[in-house]
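I am opening my notebook on this protein, and I want to write down what I looked up in it, one topic at a time.

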Amino acid sequence: MTQQQTVPVEADVPAVARLADAVQRLVASGLDERSLTRAVRDELAAVLAAGLALPAAKTQPDPDRYVMYPLHVAADGSFSIASAVWDVGQGTPVHGHETWGVVGIHSGIEVETRYEKPTTPGVPLVEAGTDDWSAGQVTVCCTTDDDVHQVRCGGDAPVVGIHVYGADIGTLPRRSYDPGSGAQSWFVSAWAR
């Protein structure tokens with residue numbers, strides 16, 4: 001699977017534009033991945049604590065599947081910021097990211113089930129815990145060496161998460177896993193428009 005070309009998106013929400021500027025500086029600073037994700041986590045937590053207002057079009061669920069709206073995509077593909085929306089009853093397959101990522105909850109409740117990253121293909125996955133994340137909470141969801149999980153809406157209202165990734169997540173080929181068999185396939189979470 002080849003990676004699609006990045007189409008830059010400039011943030012049109014002032015708070016997201018400031019977050020994008022901060023992430024750009026952090027990415028350019030040469031921090032190791034763990035230090036970088038902690039710093040991005042702190043920046044995202046501050047944005048959510050200040051009360052991030054998003055356009056309604058970037059928080060609308062799709063009746064058929066979860067969606068990811070691009071809020072900012074760096075021209076060089078070095079990072080992206082997304083509004084990820086799951087309607088009630090929706091979730092993702094078990095998947096990896098192939099990059100680092102930080103997630104903050106804008107509204108609703110997100111249920112995350114983590115799995116140990118498989119080291120051998122075709123072996124059932126081992127569950128590593130489940131957490132409920134609610135509005136204002138922020139977590140480092142993935143690093144390159146620890147990034148397998150499944151996410152779903154955990155409440156009676158849609159969940160909106162703000163996701164910051166170390167790549168253009170809307171074009172990046174990623175792994176999907178069958179947790180029972182360990183079988184892997186590749187997919188791309190194309191951007192919703």
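I began with the lining of the largest pocket, whose residues divide into 5 nonpolar, 4 polar and 6 charged; here Ala, Val, Leu, Ile, Met, Phe, Trp, Tyr, Cys and Pro count as nonpolar, Asp, Glu, Lys and Arg as charged, and the others, Gly among them, as polar. The model is a predicted one, in which local features need pLDDT of at least 70 and side-chain atom pairs count only at pLDDT 80 or more, while totals for chains, interfaces and linings use all residues. Residues are numbered from 1 along each chain as its sequence is written, and side-chain values use heavy atoms, with hydrogens and water left out.

I noted that about 190 Å³ of space lies in this largest pocket, and that of the 15 residues lining the pocket, V140, C141, C142, T143 and D146 are the closest to its centre. A pocket is an open set of points on a 1 Å grid over the protein atoms alone, with protein on both sides within 12 Å along at least five of seven lines, whereas a cavity is a set of points where a 1.4 Å probe fits but cannot get out; lining residues have an atom within 4 Å of a point. Grid points are joined across faces, edges and corners, and a volume is the space filled by probe spheres set on the points. The largest share of the pocket lining, 4 residues, comes from β7, a strand that spans 138-142 (helices are DSSP runs of H or I with at least four residues, strands runs of E with at least two, numbered from the N terminus).

Next I looked for cavities and found 1 of 30 Å³ or more. The largest cavity holds about 90 Å³ of space, and β2 (80-86), β8 (148-153) and β9 (159-165) are the elements that give two or more residues to its lining. Among the lining residues I listed H95, H97, H149, H163 and R174, and the lining as a whole divides into 6 nonpolar, 5 polar and 1 charged.

Then I turned to the cysteines: how many disulfides does a search of the whole structure find? The search finds 0, a disulfide being a pair of cysteine sulfur atoms within 2.5 Å. The sulfur of C141 has its closest cysteine sulfur in C142, but at 3.0 Å this is too far for a bond. For C153 the closest cysteine sulfur is in C141, 17 Å away, so this pair is also too far for a bond. C141 counts as buried at 9% relative accessibility, and C153 is buried at 6% (buried means under 20% relative accessible area, exposed over 50%, partly exposed in between, with a 1.4 Å probe and protein chains only).
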